[in-house]
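Please consult the sequence and the model shown below while reading.

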Amino acid sequence: MLFDTHAHMDDRAFSEDREAVLQGLAQKGVAFVMNPGCSLESSRNAIALAEKYPFVYAAVGSHPDAADEVNEDVIAEYRKLCKLHPKVKAIGEIGIDYHYEDIPRQLQCKAFAMQLELAKEVGLPAIVHEREAHSDGMDMIRAYPEVTGVFHCYSGSWEMAKVLVDRGWYIGFTGVLTFKNARKAVEVAAQLPLERIVLETDCPYMAPTPFRGKRNDPGYLYRMAEALAQIRGISVEEVAQITTENAKRLYRIA
């Protein structure tokens with residue numbers, strides 16, 4: 001059975017069939033789902049899903065696109081949600097993204113730092129979104145050595161991944177592993193210690209081949225497992241077992 005370590009099942013893309021998708025996951029080999037928040041509102045929605053479905057877990061946090069909402073009041077609300085809801089297993093999705101820069105870099109970094117500080121305070125792992133901001137992202141990680149977690153939808157180099165793994169972080173791979181032009185991701189996945197790799201869909205985005213262009217969902221996670229199995233020369237069953245154990249260890253799920 002597989003663990004989708006990053007799935008936005010609260011997204012409006014699932015408004016019409018969310019329950020059907022979630023109820024059908026066991027038949028598709030998916031036993032666990034982590035639903036991270038992207039804002040205060042989506043964090044609350046993620047918790048609601050986690051409370052409704054025993055196999056769904058939640059994270060709370062503001063994505064870089066929502067960095068402008070992060071202030072002391074929002075942090076206080078996230079702190080309260082962590083204490084009130086035992087199925088909140090991480091702070092995320094947080095980080096920095098310099099691709100579009102709709103939110104100023106300085107504001108993104110401030111929001112990231114505040115949420116890393118929260119992760120340190122409450123003792124939870126962080127789910128990090130980092131895009132085209134490798135240098136600043138690593139500087140932030142070094143500033144908070146007590147915090148570990150996962151760099152989701154990993155897009156960095158092998159050298160950066162090695163530093164993260166040496167510091168106790170996990171690396172999350174999406175359907176990018178199945179793309180023909182995914183040379184960098186494949187190279188990193190080929191070299192990382194297997195015990196530091198987790199799989200994710202990042203749904204409804206990043207659908208794997210041959211479903212590119214369609215709405216993604218956790219039922220497609222098997223494609224990532226197949227790709228990783230081929231890259232590492234092991235069975236899909238081994239990949240499923242190892243990455244699920246990794247995810248449970250990452251999120252401290254018994």
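## Aromatic pairs

The predicted model contains five aromatic pairs. Rings of Phe, Tyr and Trp (its six-membered ring) are paired if their centres lie within 6.5 Å; planes under 30 degrees apart count as stacked, over 60 as edge-to-face and the rest as tilted. For Phe 3 and Phe 32, the ring centres are 5.2 Å apart and the planes meet at 25 degrees, so this pair is stacked. Phe 3 belongs to strand β1 (residues 2-4) and Phe 32 to strand β2 (residues 30-36), so the pair ties together parts that are 29 residues apart in sequence. Phe 3 is buried, its relative accessible area being 2%, and Phe 32 is buried at 18%. Buried here means under 20% relative accessible area, exposed over 50%, and partly exposed in between (1.4 Å probe, protein chains only).

Another of the pairs consists of Phe 151 and Trp 169, which are edge-to-face, with 5.4 Å from centre to centre and 80 degrees between the planes. This pair links distant parts of the chain: Phe 151 is in strand β6 (residues 149-151), and Trp 169 is in the loop between α6 (158-166) and β7 (170-173), 18 residues apart. Both Phe 151 and Trp 169 are buried. Ring pairs also join Phe 3, Phe 32 and Tyr 251 into a cluster.

## Overall fold

The chain has nine helices and eight strands; helices (H or I, at least four residues) and strands (E, at least two) are DSSP runs, numbered from the N terminus. Its radius of gyration is 17 Å, close to the 18 Å that the globule rule gives for 254 residues, so the chain is as compact as a globular protein of that length. The radius is taken over C-alpha atoms, and the rule is 2.2 Å times the number of residues to the power 0.38.

Of the 254 residues, 58% count as buried. Among contacts with a separation of 6 or more, 70% come from residues 24 or more positions apart, a contact being heavy atoms within 4.5 Å.

## Basis of the model

Residues are numbered from 1 along each chain as its sequence is written, and side-chain values use heavy atoms, with hydrogens and water left out. Because this is a predicted model, local features need pLDDT of at least 70 and side-chain atom pairs count only at pLDDT 80 or more, while totals for chains, interfaces and linings use all residues.
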